[in-house]
Amino acid sequence: MEVTNDNSCSWIKDLTPRTNIKTLQSNDDSEWLIIGAGYTGLSAARKLGQLYPNQKIIIVDAQLAGEGASSRNSGYLVDTTLNDGFTSNKELDSYKKKTDIYDLGINFVKKFINEFQVDCDWNECGKYFASSKIEDGKILKNFSDTLIKLGFKHNLLSNNELTKRLGTSFYNVALHTKGGVLLHPGKLVRAMIDVLPKNVCLYENSSLLNWNKNKDIISCKFKNGKIKTKKIIFATNGFLKSLGIKSNYNFPITLTASMTRTLTDEEFKSIGEPKEWGVLPVRPMGATVRMTKDKRILIRNTAEIHNPFKMSKSNLEKRSISQKIGIRKRFPQLPEDIIQSSWSGVVSRTRNSSQIFEKINDNVFAAGCYNGSGIGVGTLFGEQIAIKASEENTKEIETIEARNKPTWLPPQPFLNIGVKTRLIYERIRAKSDT
Ligand SMILES: Cc1cc2nc3c(=O)[nH]c(=O)nc-3n(C[C@H](O)[C@H](O)[C@H](O)COP(=O)(O)OP(=O)(O)OC[C@H]3O[C@@H](n4cnc5c(N)ncnc54)[C@H](O)[C@@H]3O)c2cc1C
């Protein structure tokens, strides 16, 4: 099955279209093959290119490189999360292990943008976990206690201060963390494509259809050709399951988001000319809302089990309507029709919010499943899985592997029934904040 994305993502539309797109048209072979060219795959390719300048490394994507979730996300490079799946880690020890990984992720992205002088609208403005419900203050107080124990700087805020900072009186309680960065996800992943080393060959619009391993050779079949390789890294995140990778441990979730046009000076004045900010919901199914540097508003308020390969235009329009309502709730003074584009993207979830970082067979490796926080963790895991596949060890690999492994998931149809029920329950609990 081929991945067909909508072509309406604002972050992608902000960029100059790429040229020199190569598609696999005949058979090829390589020492290394990476499937998936998002943050994970591109970081793995960059690292392998540096480690093995004389070897052939191929990276393949089913669509245009970087145009999967890596360009379609909300652009929060997080140091902490309150909800990152269905069962977020709340115990101190597992929470600390998780934030150790986030910390490494932020540093790896920082290192990348410094080394290659990348402009991706990097803003170390922290982020808010906010809710319109005063009673959610309790959840935030408990979260604050955890953050204090782990030494994360933060503030609890209430309506008046939030109205001044965000330009909306919608939120009544919030916790602002100092750490965490807002960025332009499309610019970041584009830079990763632009700096691929010379010995890395990128094939796009070339979907992997199936693969098998016979002794030391891995054969991969694409629509118009085959690639034989010695080592393979699967970096397809939301599509790991469809390729049979750790399929009892992860499942895809489809998210949709919308972005407004740039607010006019008058509209921006009417909401108090706030600085760039990002709000994450207190309850799992609430909305993520962001005011961008260039005065656009982004909203993401859906997460669902959907055909991960495609979302029809009419289905996307339905989700866009709910996002229009979400913006109206927060900014009633703005005109009704200011959403410029809506798009969908696919992520991967595990049951216990752990990630996949593994050798799954001799010479076969996989990294993914970031439960919605893949900007930093994907960049980190991509580099580190390349090192692991080279049979080397690092302090970072030890930190990554100190976390619990993903737990087993029930088979279909029980999995979908369970996930759908949970999503409906969470949606009801978060209704006011979608
Ligand atoms: C709406 C939305 C909001 C999000 N918000 C945030 C956020 O604010 N912060 C954050 O950290 N994360 C966020 N995420 C999650 C984040 O985008 C992902 O975790 C991250 O992009 C994962 O990167 P990746 O490279 O592993 O996967 P992807 O970017 O999904 O790349 C995988 C690639 O594999 C390719 N592929 C799939 N199947 C095949 C095949 N058969 N053959 C060849 N190629 C294939 C796909 O085309 C895709 O390009 C969000 C995601 C979405 C959709």
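The model is predicted, so local features need pLDDT of at least 70 and side-chain atom pairs count only at pLDDT 80 or more, while totals for chains, interfaces and linings use all residues. Residues are numbered from 1 along each chain as its sequence is written, and side-chain values use heavy atoms, with hydrogens and water left out.

**View 1. An open sheet of eight strands with mixed pairing.** Reading across, the order is E5-E6-E4-E13-E14-E15-E12-E16. Strands here are DSSP runs (E, at least two residues), as are helices (H or I, at least four), numbered from the N terminus; two strands pair if DSSP finds at least two bridges between them. E5 (154-158) and E16 (339-349) sit at the edges with a single partner strand each, so one side of each has no neighbour in the sheet. From one strand to the next, the twist averages 20°.

**View 2. Strands E4 and E6, with helix H5 lying across.** E4 (residues 127-131) and E6 (residues 173-177) run antiparallel and are joined by five bridges. H5 (residues 137-150) lies across E4, E5 and E6, at about 20° to E6. Axes are lines fitted to C-alpha atoms, for helices over the stretch in contact (heavy atoms within 4.5 Å), and angles run from 0 to 180 degrees between N-to-C directions.

**View 3. Strand E15 between E14 and E12.** All eight of E15's eight residues are buried, meaning under 20% relative accessible area (1.4 Å probe, protein chains only). E12 (residues 251-260) pairs with E15 in the antiparallel sense over six bridges, and Leu-255 stands opposite Ala-303. E14 (residues 288-291) is also antiparallel to E15, with four bridges; Thr-288 has Arg-300 as its bridge partner. The hairpin of E14 and E15 has five residues between the strands, and Lys-295 takes a positive phi near 60° there.

**View 4. The second largest pocket, about 420 Å³ of space.** On a 1 Å grid over the protein atoms alone, a pocket is an open set of points where a 1.4 Å probe fits, with protein on both sides within 12 Å along at least five of seven lines; lining residues have an atom within 4 Å of a point. Grid points are joined across faces, edges and corners, and the volume is the space filled by probe spheres set on them. Of the 18 lining residues, Asn-301, Thr-302, Ser-322, Arg-427 and Thr-434 lie nearest the centre. H9 gives the largest share of the lining, six residues.

Conventions. Buried < 20%, exposed > 50% of the residue type's maximum accessible area, 1.4 Å probe, protein only.
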